[in-house]
Structure formats: C-alpha cells, structure tokens
Amino acid sequence: MKHILVTGANGQLGKTFQEIASQYPGYQFTFTDVDELNITDADAVNQYLGAQTFDACINCAAYTAVDKAEADEDNAFLLNFQAPLFLAEACSNQGTQYIHISTDYVFDGKACVPYTEEDDASPSTIYGSSKMRGEAAALSANPSTVVIRTSWLYSKYGVNFVSRMQELMAEKESLSIVFDQVGTPTYALDLAKAILSMLDFKYEKLDEIGGIYHYSNEGVASWYDFAVAIKSLSGSQCKLEPITSEAYPTAAERPSYSVLNKGKIKNVFGLEIPYWKDSLQACIGK
Ligand SMILES: NC(=O)C1=CN([C@@H]2O[C@H](COP(=O)(O)OP(=O)(O)OC[C@H]3O[C@@H](n4cnc5c(N)ncnc54)[C@H](OP(=O)(O)O)[C@@H]3O)[C@@H](O)[C@H]2O)C=CC1
Ligand SMILES: Cc1cn([C@H]2C[C@H](O)[C@@H](COP(=O)(O)OP(=O)(O)O[C@H]3O[C@@H](C)C(=O)[C@@H](O)[C@H]3O)O2)c(=O)[nH]c1=O
C-alpha cells in the first residue's frame, strides 16, 4: 500500500483528490491543509514528513490569487517559492517522491505554438514568477521532483472560472470576456487521475525521471470560447461579448498565449487526455 501525502488538500485540486481517494484502494491518503501542516514552516514540514513514511507527497497548496499577488509579493513567494523548497528538501531527506504543481503563467505568452518543457519560462506576473522560482528551487534541491505544469484549472470546488462565470451569468444580462488570451482549460478531476496514474504506472522508476511535464486537457480556447461553452452547458441566457484584454484591465497582465504541449507526459506515461469541452460537460453535468 502506497502512502500519499496531499498538502493544500482543501483547495480545488486537493478536494478533487479527496473525492476520488476511495477509488484507489492501493493508496492510503493523508490529507492536510494549513491547519494540519503549514508548508511555509520548514520545521513543521521536516517534522511531519519525518514522523510518518510517505511514498509520495503531492503539493496542492499555492498562492493562486493572480491579481492580488501583484501587491502581495512576499506572501506569494513564501507559498509558491520557499514552501516548495522546504517540501522538496524534506522529501529528498525522507526518500519521498515529491510531486509539484505549477502553471502555464510561467510563460510570457509571446509564442504562437504550444509551449514545451524546454521553452524558456519568462513570466510577466508576480504569481508566474513565484511559481517559476518554486519549480526551479524544488528541482535544484531534489532533482527527482516531478513538476506538473497545468493551466486554467476548474472543478466543482472553490472559486474558479467556471463557477465564477455561472454565478455572473445568473446575476447579469450580459458579460464581456477577453478573446485574445488563448490557452487550454483543465478539469481538476482529469489532472488528479493523471497524477495518480503517473504514480502507479512507473512508480518504481519515477525518481529516475524527475523534471517538468505539461498537462492540460486537449484542444485550445480563449477565455471567451470557454465562457461560451460554460453558458451553453449551463443553459444560461446571458449575452456574452468578446472583448480585447485592453478593454478588461487587470492588475496582472495574463499571457496572451499559454497553450501547453503535452507530448512528453503522453509519451512517458502513456496518458490519454480528454478534450476540454468533453471534460467541461462532465464537470457541469455532475
Ligand atoms: N487554479 C488554477 O487555475 C490553476 C492552478 N494551478 C496550480 O495548481 C495547484 C492547485 O491549485 P488550486 O487547487 O486551484 O489551488 P487553491 O487556491 O484552490 O488551493 C490552495 C490550497 O492551499 C491552501 N494553503 C494556503 N496556504 C497554505 C499553507 N501555508 N500551508 C498549507 N496549505 C495552504 C489553501 O488554503 P486557504 O484557501 O485557506 O488559503 C487552499 O486550500 C497550485 O499549485 C496552482 O498554482 C496551475 C494552473 C491553473
Ligand atoms: C470575470 C471575468 C474575467 N475576464 C478575464 C480576466 C482574465 O484575463 C481571464 C481569466 O480570468 P480569471 O481571473 O478568472 O483567471 P486567472 O486567475 O487568470 O486564472 C489563472 O489562475 C492561475 C492560478 C493559473 O495558474 C492560470 O493557469 C489561470 O487558470 O478572464 C473577463 O474578460 N471578463 C470577466 O467577466
């Protein structure tokens, strides 16, 4: 029986792991959030990982408020850079496989073909910079770290673009949504299952293939396209207007293109990835 520690377990990805845990009888899960294990406390992290034997630690905790981070740099870096370093070091000391989640926002968005793991990260936001530093710190302290970059995550838990759109569509007659930022939505349930199948598929060898992997759903969409699909699946009558980013100023400037190339994760782990609209239907239909 493999023992998996999930940190940040009350966030949307963490709750998704909680939802599916019973479908994986080969794994024993320990779920922690800040009250049980504050990952910004190095001593607490060392003690927690030293007190029990974990085969893997999946870190779902992060500072994810992209606009707020612009004026809250210290806290964003504490959670997204320092804390992953503490976890990666503690995992290395204990022989625990560290799985770290990162983001498409490490890219500046100037590309026009999907980003591979070899492409240079050059974030334009504090959130993206803090996540980029976190990836690098974890990999340098513990080269067997598996970093999974994902994008536009949604689920039935917490606040995300899908829940926000559904709420706004119910309140307003019309919404304006940017169409010049393009990426790929990712259903947290698909990501969680992919991570568990990675642990299962080549678990014995996982520590030999540390590095960065890209995972999102298949396909490409703008936020406007995403909103149109949410509207259609939710049966909303709200009018949606496509606008440019210039017409929707935000504290953090999002990448205009952040599609991830998933060739590596599919080749190494033999993953089959669902198309984003099918997964959206699976989420909203639930
Ligand atoms: N959301 C998205 O669209 C995307 C997310 N990602 C990445 O995916 C991962 C999961 O994101 P998501 O599930 O959306 O994140 P959430 O923001 O939903 O969840 C993060 C969780 O971490 C908890 N947390 C905060 N501080 C600490 C701490 N010091 N110690 C332990 N736990 C803490 C939060 O608690 P509290 O709420 O009380 O602060 C929350 O429960 C992150 O690494 C994120 O960067 C990547 C791409 C897209
Ligand atoms: C609510 C709203 C947003 N938007 C725009 C703003 C922004 O450019 C885009 C997305 O909005 P959000 O702020 O909801 O999403 P954002 O917080 O940028 O989402 C990001 O979160 C982090 C954690 C990640 O790692 C990324 O992969 C990505 O998922 O939609 C509109 O155009 N109209 C609207 O009414």
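Which strands does helix α1 lie across? This predicted model gives the answer in the second view below.

**View 1. Six strands form an open sheet.** The strand order is β2-β1-β3-β4-β5-β10. Pairing in this sheet is parallel. Strands of a sheet pair through backbone hydrogen bonds, either parallel or antiparallel. Strand β2 (27-31) sits at one edge and β10 (211-214) at the other. Each of these edge strands pairs on one side only. From one strand to the next, the twist averages 25°.

**View 2. Helices α1 and α4 lie across strands of the sheet.** Helix α1 covers residues 12-20. It lies across β1 (2-7), β2, β3 (56-59) and β4. Its direction is at about 140° to β2. Helix α4, residues 73-94, lies across β1, β3 and β4. Helix α4 runs at about 160° to β4.

**View 3. Strand β3 pairs with β1 and with β4.** Four bridges link β1 and β3 in the parallel sense. Look for T7, which stands opposite N59 in β3. β3 and β4 also run parallel, and four bridges join them. Here A56 has Q97 of β4 as its bridge partner. In a regular strand the side chains alternate between the two faces of the sheet. Are the residues on the two faces of β3 buried or exposed? A56 and I58 on one side are buried, and so are C57 and N59 on the other. Both faces of β3 are therefore covered.

**View 4. Strands β4 and β5 run parallel.** β4 spans residues 97-103 and β5 spans residues 146-150. Five bridges join the two strands. At one position, S102 stands opposite R149 in β5.

**View 5. T96 is in the loop between α4 and β4.** Its relative accessible area is 5%. Buried means under 20%, so T96 counts as buried. Which residues does T96 contact, leaving aside its neighbours within four places in sequence? They are L49, F54, D55, A56, C57 and C91. One of them, A56, is the bridge partner of Q97 in β4.

**View 6. W152 has a positive phi.** The angle is near 50°, and this residue is not a glycine. W152 belongs to the loop between β5 and β6 (153-154). With a relative accessible area of 8%, W152 is buried.

**View 7. Helices α2 and α4 cross at roughly 30°.** α2 covers residues 42-51. The two axes come within 9 Å. Angles under 35 degrees count as roughly parallel, so α2 is roughly parallel to α4. The crossing is right-handed. On the α2 side, A42, V45, N46, L49 and G50 make the contact.

**View 8. Helices α8 and α10 cross at roughly 40°.** α8 spans residues 223-234, and α10 spans residues 276-284. Their axes come within 10 Å. The two helices are therefore oblique to each other. α8 passes α10 in a right-handed crossing. From α8, the contact uses D225, F226, A229, I230, L233 and S234. These meet W276, L280, Q281 and I284 in α10. The contact residues divide into seven nonpolar, two polar and one charged.

Definitions and conventions. Residues numbered from 1 in each chain as written. Chains lettered and ligands numbered in written order. Predicted model: local features only at pLDDT ≥ 70, side-chain atom pairs only at ≥ 80, totals over all residues. Heavy atoms only, no water. Pairing = 2+ DSSP bridges. Axes fitted to C-alpha atoms, helices over the stretch in contact; angles between N-to-C directions. Contact = heavy atoms within 4.5 Å. Buried < 20%, exposed > 50% of the residue type's maximum accessible area, 1.4 Å probe, protein only. Parallel < 35°, antiparallel > 145°, perpendicular 65-115°, else oblique. Left-handed = near helix turned anticlockwise from the far one by under 90°. Nonpolar A, V, L, I, M, F, W, Y, C, P; charged D, E, K, R; others polar.
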